[in-house]
Amino acid sequence: MVLPSLSPQYSILVEQLNAMARSAIIILAFALVGHCLLGLTEATDFVVGGATGWKFNVIDWPNGKSFKAGDVLVFNYTEGAHNVVVVTEEGYDKCLPLDGKVFTSGKDRVTLVKGDNHFICSFTGHCESNMKIKVTAA
């Protein structure tokens with residue numbers, strides 16, 4: 001099929017529209033990539049207990065801090081001396097591991113979920129010595 005040729009001014013217009021469409025696609029691609037990268041950098045790492053790490057009497061460490069879902073808690077401690085157990089509110093209140101996920105590496109990273117997040121050390125007497133925290137993530 002033979003298409004009629006366009007007048008020079010229409011040909012220029014079509015070329016300009018094609019160039020604009022390519023530019024729009026490139027801008028949208030950059031915007032999408034930028035949005036994805038920003039989404040990945042929004043989370044914050046928090047070292048539980050600060051420089052001294054996951055230890056006895058760390059219960060007040062979350063006070064005054066703002067957390068959001070996706071933030072990461074870093075639990076630093078000597079491997080074998082402690083652990084970190086993700087527990088329910090009841091497990092937190094009663095110092096009972098109750099089928100919670102157990103971390104034992106000494107360099108544990110736990111991503112917060114929206115709402116209350118409870119953590120204890122399940123070694124004998126540790127939770128009772130306030131080696132537990134409750135973190136509320138927005």
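## Terms and model

Two strands pair if DSSP finds at least two bridges between them. Helices (H or I, at least four residues) and strands (E, at least two) are DSSP runs, numbered from the N terminus. This is a predicted model, in which local features need pLDDT of at least 70, side-chain atom pairs count only at pLDDT 80 or more, and totals for chains, interfaces and linings use all residues. Residues are numbered from 1 along each chain as its sequence is written, and side-chain values use heavy atoms, with hydrogens and water left out.

## The chain

The chain has two helices and seven strands, in the order α-β-β-β-α-β-β-β-β from the N terminus.

## Strand E3 and its partners

Strand E3 covers residues 84–87. Two bridges join E3 to strand E4 (residues 102–103), and the two run antiparallel. Here valine 84 has phenylalanine 103 as its bridge partner.

E3 is also joined to strand E6 (residues 115–120), by three bridges and again antiparallel. In this pairing valine 87 stands opposite histidine 118.

## Asparagine 83

Asparagine 83 lies in the loop between strand E2 (72–76) and strand E3. This residue counts as buried because its relative accessibility is 5%. Contacts (heavy atoms within 4.5 Å) link asparagine 83 to residues including Trp54, Tyr77, Phe103 and Ile120, leaving aside residues up to four places away in sequence.

Serine 122 is another residue that asparagine 83 touches. Their side chains make a polar contact at 2.8 Å; such a contact is a pair of N or O atoms within 3.5 Å, and within protein one must be able to donate a hydrogen and the other to accept it, while residues adjacent in sequence count only if both atoms are side-chain atoms.

Technical notes:
Buried < 20%, exposed > 50% of the residue type's maximum accessible area, 1.4 Å probe, protein only.
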